[in-house]
Amino acid sequence: MFIRLREDIQSVFDRDPAARTSWEVLTCYPGVHAIVLHRLGHWLWTHRCPWLGRLVSHLGRFFTGIEIHPGATIGRRMFIDHGMGVVIGETAVIGDDVTLYHGVTLGGTSWNKGKRHPTLERGVVIGAGAKVLGPITIGAGAKVGSNAVVVKDVPPGATAVGNPARIIDSEQARKREQMAGQLGFSAYALAGDQDDPLAKAIHGLLDHAVDGDRRFELLLKRLEEAGVHVNGDLVKADQFDPQYLSKIVD
């Protein structure tokens, strides 16, 4: 038990630059308290004391603001930063070295018995406010951006953002993630320049449309200079405001 506790404290130092002393982590970090209480509740749950397990879970929720069902399986060195509002369902399975931020939900999408909550493999990072729903798997080393809603599997090492979540899999994004790993832990699972890929695609289409209009106007001008008569219906342009559409996408 004490070995696991030392690992929990060290994991805080590895991933939170605000941590100063072991005593501070042990007494002032609700994520550590929630994990310790969960171990007790999980032991009771798996040793035919489900009511006591739920009671320990309820007390942990009361004191920490983190709700972990005693049936959830949690690996070693999990770090819950800030923690308020985190909810982890009964059949969730969490691997080693996973990081969760505040407001994360590992929830179910069915009232049926059996596996209905996510599986997080080793080294996964879930950003603040993200919702990971259903019996899906988040692959090892994957990251889920803040406020994302994930309802499908995420491949190992990938980054998922948006609602519904989409995978960032471009070569530039992979290089950026690799560089972030070399520089240190990427807080809240997502760098500031990693936008929703759907929004980026729409912005790209808008830019292309604007450039097409510019080229068309230039072509008409050259035709007029050459003395070529152009039909009036062709000259008349539709009302198109790319700036307004960009604001909607943002």
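**Pairs and salt bridges in a predicted model**

Phenylalanine 62 and phenylalanine 63 are both exposed (over 50% relative accessible area; buried is under 20%, partly exposed in between; 1.4 Å probe, protein chains only). The model is predicted, so local features need pLDDT of at least 70 and side-chain atom pairs 80 or more, while totals for chains, interfaces and linings use all residues. Residues are numbered from 1 along each chain as its sequence is written, and side-chain values use heavy atoms, without hydrogens and water.

Q: Why is the aromatic pair of phenylalanine 62 and phenylalanine 63 called edge-to-face?
A: Rings of Phe, Tyr and Trp (its six-membered ring) pair if their centres lie within 6.5 Å; planes under 30 degrees apart are stacked, over 60 edge-to-face, the rest tilted. Here the centres are 5.2 Å apart and the planes 85 degrees, so the pair is edge-to-face. A search of the whole structure finds one aromatic pair.

Q: What makes arginine 20 and glutamate 24 a salt bridge?
A: A salt bridge needs a side-chain nitrogen of Lys or Arg within 4 Å of a carboxyl oxygen of Asp or Glu. The closest N and O atoms of arginine 20 and glutamate 24 are 3.7 Å apart, so the pair counts.

Q: Is arginine 116 buried or exposed, and how do you know?
A: Its relative accessible area is 18%, so arginine 116 is buried. Its salt-bridge partner is glutamate 90, at 2.7 Å from N to O. Arginine 116 lies in the loop between β7 (105-107) and β8 (119-120) and glutamate 90 in the loop between β4 (87-88) and β5 (93-94), so the pair ties together parts 26 residues apart in sequence (strands are DSSP runs of E, at least two residues, numbered from the N terminus).

Notes: Helix = DSSP H or I, 4+ residues; strand = E, 2+ residues; numbered from the N terminus.
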